[in-house]
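This briefing sets out selected features of the structure shown below. The points are grouped by topic.

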Amino acid sequence: MTSDTSASSVGVVTAEKILIETPLTLACGVVLPSHELMVETYGTLNADKSNALLICHALSGSHHAAGVYADDEKPGWWDAYIGPGKPMDSNRFFVVSLNNIGSCFGSTGPTTINPESGKPWGAKFPVLRARDWVESQRLLMEHLGIQCWAAVIGGSLGGMQAMRWALEYPDKLANSIVIASSMKLTAQNIAFNELARRAIQSDPDFCEGNYLENNKSPRRGLALARMIGHVTYLSDELMGQKFGRELRSGTFEQGEAAPIEFQIESYLNYQGEKFSGDFDANAYILITKMLDYFDLSREYQNDPVQAFSHANCDFLVVAFSSDWRFSPKRSREITDALIAAGKNVSFAEIDSDQGHDAFLLPNPRYEQVLGSYLSKVADKLEGAA
Amino acid sequence: MNQVESTRQINDSIHSWVKPNSRVLDLGCGDGRLLAQLQKDLDIRGYGLEIDPDSINQCLAKGVNVVEQDLNKGMANFADDSFDTVIMTQALQAMRFPHLVLDEMLRIGTQCVITFPNFGHWKARAYLTLRGRMPVTKQLTYQWYDTPNIHFFTYSDFEALCRERNIKILRKQFVGEHFLDRQLKNLWPNLFAETAVYHLSK
């Protein structure tokens with residue numbers, strides 16, 4: 001699927017649409033008789049199919065995690081960490097990245113056609129839980145003929161999937177890498193998600209979720225939702241450094257009445273505008289609810305230690321110092337529960353001023369931590385082969 | 001005898017005191033060498049606590065469980081008696097409150113192993129007495145102003161603290177490199193033991 005254009009990039013990639021024909025029973029009881037997944041892979045699956053890494057994306061992610069498309073130079077969202085010689089080394093691993101159901105980059109979701117009605121699913125797409133994504137990923141795993149992931153890796157909501165994998169299919173992964181994540185959202189976190197949903201729902205073009213059939217688009221609402229989210233993904237320090245009180249237009253000089261716009265206003269508006277053209281409002285509502293509903297140990301008597309006692313894999317937990325949306329405290333809770341459950345776990349708190357977004361951005365220490373851990377994983381595989 | 005040999009002696013003691021297949025917590029585990037050895041030889045389930053990024057990386061590369069945690073900020077995240085053995089090698093003198101760390105170690109672990117440089121060793125005494133300067137030796141390589149070793153104590157000081165806090169000394173071993181030390185370390189440890197290794201319980 002890949003061809004090299006430079007030493008550290010997986011090069012030009014193409015996505016593949018994979019039809020999963022095994023029925024998928026969702027947590028809410030609805031059965032999807034079949035579903036489609038957009039998938040990209042990087043690297044080569046080894047003979048015993050043991051070197052596969054599963055990438056789990058977060059709220060707004062897609063299958064395009066690394067490399068570039070022939071007609072689009074913008075690299076995938078985790079390109080800094082996936083590629084030849086990078087921590088998720090495509091020379092050693094077979095990296096699998098998919099767009100999960102309920103999202104909007106070509107996999108079955110609110111923007112695709114519901115075969116029963118012949119119309120887009122829209123707001124009627126069934127309510128999803130993180131375990132549904134894990135279940136769909138397991139069907140993809142079967143399709144690819146993989147027995148056991150060398151590692152399941154994800155940040156934020158992706159980390160929740162990596163943890164859920166460890167509990168649901170303990171023998172189908174050797175490592176779970178949980179980055180900037182949490183065993184459940186805090187009230188403050190749910191509150192931010194509700195602000196975002198309310199912003200979308202308040203847009204008159206939302207049409208109670210049926211905007212597609214009405215040929216409308218709640219772009220203002222979705223932009224506002226993204227702007228709220230974006231502020232929470234950055235740190236106060238970084239925003240201060242990057243934008244401060246710089247003006248984009250206007251002046252405070254006496255006698256000047258031209259409208260004033262701060263750089264941060266302009267930046268946020270641009271981000272919101274861009275996102276509202278790329279993402280689907282129903283998908284945003286659906287996936288933020290997924291985040292809110294996630295509670296790792298709900299069915300384990302609310303005891304994380306009991307929950308993790310079902311896991312068999314080794315864990316790496318990573319947090320970022322300035323992340324206040326998924327704070328290092330949450331990652332330490334995961335680590336403590338894993339230690340108490342007697343599981344192999346390492347934890348690193350990376351010094352960063354980039355807030356929650358840090359898990360997507362280049363950072364030498366983060367790179368080292370992931371690299372050291374994963375190269376040990378690869379050594380073991382190659383030693384065993 | 002060289003430093004490698006004395007390190008080997010210390011590790012031999014620790015090996016003989018740690019039970020196979022047990023749970024071990026190593027405070028200030030450095031590059032994870034000791035835990036890697038214990039894992040290999042005794043099949044322990046070990047975790048190291050460390051704050052130095054490079055050391056953490058070396059642990060990860062070795063496949064040793066390492067958790068980034070500042071010991072000076074407490075260890076309340078570990079339950080009582082949640083480990084069979086809690087180890088601290090050559091780090092007690094760098095803690096903000098060594099006596100509180102010691103209490104925490106004995107709360108978390110059924111038994112503890114501690115090693116520390118004996119500041120009562122004749123070389124340190126001679127350095128201070130004859131030169132009138134704070135000792136800078138092979139073991140204590142820092143200058144007084146940049147040393148991470150903020151508490152200097154002797155073998156006798158440590159035993160007094162154990163008595164005061166009702167800490168049981170199960171076993172102890174003294175290590176010295178110098179010929180004189182090797183002859184006399186057991187007879188007069190406070191003067192001839194360069195490093196002391198203690199096996200403690202509540």
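A residue is counted as buried if 20 or more other C-beta atoms lie within 10 Å of its own, with C-beta atoms placed from the backbone. By that criterion, B:Ile56, B:Asn57, B:Gln58, B:Cys59 and B:Leu60 are buried in helix α3 of chain B, which covers residues 53-62. The model is predicted.

- After α3(B) comes B:Gly63, which has a positive phi, near 80°.

**Chain B as a whole**

- Chain B contains eight helices and seven strands.
- The radius of gyration of chain B is 17 Å, which agrees with the value near 17 Å that a compact globule of 202 residues would have.
- The C-alpha trace of chain B spans about 45 × 35 × 35 Å along its principal axes.
- In chain B, 43% of the 202 residues count as buried.
- Of the chain B contacts between residues at least 6 apart in sequence, 61% join residues at least 24 apart.

**Domains of chain A**

- Chain A is assigned domain 1 (2-184 + 294-384) and domain 2 (190-288).
- The contact between them takes 21 residues from domain 1 of chain A and 18 residues from domain 2 of chain A.
- On the side of domain 1 of chain A that touches domain 2 of chain A, there are seven nonpolar, 10 polar and four charged residues.
- A distance of 27 Å separates the C-alpha centres of domain 1 and domain 2 of chain A.

**The largest nonpolar core**

- In soluble globular proteins, nonpolar side chains tend to be buried together.
- The largest nonpolar core here has 155 residues, and those with the most contacts inside it are A:Leu53, A:Ala151, A:Tyr284 and A:Val318.
- Helix α7 of chain A (residues 281-293) gives the most to this core, contributing eight residues.
- Because domain 1 (2-184 + 294-384) and domain 2 (190-288) of chain A both give residues to this core, the core lies between them.
- Leaving aside residues up to four places away in sequence, A:Tyr284 touches A:Ala196, A:Ile200, A:Leu222, A:Ala225 and A:Phe279.

Conventions
Residues are numbered from 1 along each chain as its sequence is written. Chains are lettered from A and ligands numbered from 1 in the order in which they are written. This is a predicted model: local features need pLDDT of at least 70, side-chain atom pairs count only at pLDDT 80 or more; totals for chains, interfaces and linings use all residues. Helices (H or I, at least four residues) and strands (E, at least two) are DSSP runs, numbered from the N terminus. The radius of gyration is taken over C-alpha atoms; the globule rule is 2.2 Å times the number of residues to the power 0.38. A residue is buried if 20 or more other C-beta atoms lie within 10 Å of its own, exposed if 12 or fewer, and partly exposed in between; C-beta atoms are placed from the backbone. Two residues are in contact if their C-beta atoms, placed from the backbone, lie within 7 Å. Domain bounds come from an automatic or database domain assignment. Ala, Val, Leu, Ile, Met, Phe, Trp, Tyr, Cys and Pro count as nonpolar, Asp, Glu, Lys and Arg as charged, and the others, Gly among them, as polar. A nonpolar core is a set of buried Ala, Val, Leu, Ile, Met, Phe, Trp, Tyr and Cys residues joined through C-beta atoms within 7 Å.
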